[in-house]
Amino acid sequence: NLPAARKMDPPSYRDLAAQEIPVVACGKGSRIRVIAGSAEGPQGKVDGPIERPDTEPLFLDLELTNDALCIQPVEASHRAFLYLYEGSIETGPGSDRQAMPLASAGILGPGTQVEIQAGAQGARVLLLAGRPLGEPIVQHGPFVMNTRAEIEQAVRDYQSGRFVDPARNVAR
């Protein structure tokens with residue numbers, strides 16, 4: 001999603017080869033692929049290749065070895081969640097850690113860091129966060145706008161062919 005003032009900007013896309021994604025060490029042989037935002041490791045802060053000033057996204061793909069503990073900073077102003085897609089983890093500070101079910105997303109509460117403890121078999125987990133826009137959201141199909149009227153206009157534009165860039169014959 002984009003702020004209202006940028007809704008009609010041309011779309012952008014960036015294809016990333018695996019070697020363009022930096023990898024950061026994170027305790028006990030674990031590693032983090034830094035796709036957007038930054039991650040902290042023994043070598044210091046490492047920035048990912050994707051930048052979006054409007055939402056300042058954080059997109060980390062963590063590969064944790066058995067029983068590894070990984071602690072990553074998150075901006076206090078951001079909303080964050082984890083998605084566990086392999087293995088098991090507990091998350092939360094110290095003795096307040098809670099297990100997270102496999103193939104589930106866990107919305108995180110406010111704070112400035114995320115603590116993730118892998119289980120005995122290790123884990124693969126995504127950590128995603130972003131600065132909220134604080135604007136109304138109206139969604140219909142693939143369209144996300146701020147008002148119902150804007151959605152209706154987007155649908156009309158799509159149906160009339162105004163969503164196609166004739167120079168490239170692709171949707172814009």
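Is Arg-162 buried, partly exposed or exposed? I looked this up and found Arg-162 partly exposed, because its relative accessible area is 44%. My scale: buried is under 20% relative accessible area, exposed is over 50%, and partly exposed lies in between (1.4 Å probe, protein chains only).

**Ground rules**

I am working on a predicted model, where local features need pLDDT of at least 70, side-chain atom pairs count only at pLDDT 80 or more, and totals for chains, interfaces and linings use all residues. I number residues from 1 along each chain as its sequence is written, and side-chain values use heavy atoms, with hydrogens and water left out.

**Entry: the whole chain**

I counted 1 helix and 14 strands in the protein chain. Both are DSSP runs numbered from the N terminus: helices are H or I with at least four residues, strands are E with at least two. The C-alpha atoms fill a box of roughly 55 × 35 × 25 Å along the principal axes. The chain has 172 residues, and 34% of them are buried. I put the accessible surface at about 10500 Å², with 54% of this belonging to carbon and sulfur atoms. Such areas come from the Shrake-Rupley method with a 1.4 Å probe; for residues, only the protein chains shown count as cover. I then checked contacts (heavy atoms within 4.5 Å). Of those with a separation of 6 or more, 60% join residues 24 or more positions apart.

**Entry: strand S10**

I went to strand S10, residues 113–130. Why do I call S10 largely enclosed by the rest of the structure? Because 15 of its 18 residues are buried.

Next I listed pairing partners of S10. I count two strands as paired if DSSP finds at least two bridges between them. Strand S5 (residues 58–64) runs antiparallel to S10 over 7 bridges. In that region I found Phe-59 opposite Leu-128 of S10. Strand S6 (residues 69–73) is also antiparallel to S10, over 5 bridges. Ile-71 sits opposite Glu-115 in S10. Strand S7 (residues 79–91) pairs with S10 in the antiparallel sense over 11 bridges. Here Phe-81 has Leu-128 of S10 as its bridge partner.

**Entry: Glu-63**

I looked up Glu-63, which lies in strand S5. Glu-63 is partly exposed, because its relative accessibility is 28%. Which residues does Glu-63 touch, not counting those up to four places away in sequence? I found Ser-30, Arg-31, Arg-33, Ala-123 and Arg-124. Ser-30 is 33 residues from Glu-63 in sequence, yet their C-alpha atoms are 5.7 Å apart.

**Entry: salt bridges**

Side chains of opposite charge can pair when their charged atoms come close. My cut-off for a salt bridge is a side-chain nitrogen of Lys or Arg within 4 Å of a carboxyl oxygen of Asp or Glu. How many salt bridges does the structure hold? I got 10.

Arg-33 and Glu-63 form one, at 3.6 Å from N to O. This pair links distant parts of the chain: Arg-33 is in strand S2 (residues 31–36), Glu-63 is in strand S5, and they are 30 residues apart. Arg-33 counts as partly exposed at 22% relative accessible area.

Arg-14 bridges to Glu-20, with the closest N and O atoms 3.5 Å apart. Arg-14 is partly exposed at 42%, and Glu-20 is partly exposed at 35%.

Asp-157 and Arg-162 form a salt bridge with their closest N and O atoms 2.7 Å apart. Asp-157 is buried, because its relative accessibility is 12%. I also noted a network: salt bridges that share partners join Arg-6, Asp-9 and Asp-54.

**Entry: the aromatic pair**

I pair rings of Phe, Tyr and Trp (its six-membered ring) if their centres lie within 6.5 Å; planes under 30 degrees apart are stacked, over 60 edge-to-face, and the rest tilted. By this rule I count 1 aromatic pair. Phe-143 and Tyr-158 make an edge-to-face pair, 6.2 Å centre to centre with 65° between the planes. The two are 15 residues apart and link distant parts of the chain: Phe-143 is in strand S12 (residues 143–145), Tyr-158 in helix H1 (residues 148–159). Phe-143 is buried at 12% relative accessibility, whereas Tyr-158 is exposed at 54%.

**Entry: the nonpolar patch**

Which residues form the nonpolar patch on the surface? I list Phe-81, Tyr-83, Tyr-85 and Ile-107, with about 390 Å² of accessible area together. S7 gives the most to the patch, with 3 residues. Tyr-83 lies in S7 and is partly exposed at 31%.

Conventions:
Patch = residues over 30% accessible without salt bridge, like charges linked within 9 Å, V, L, I, M, F, W, Y side chains within 5 Å.
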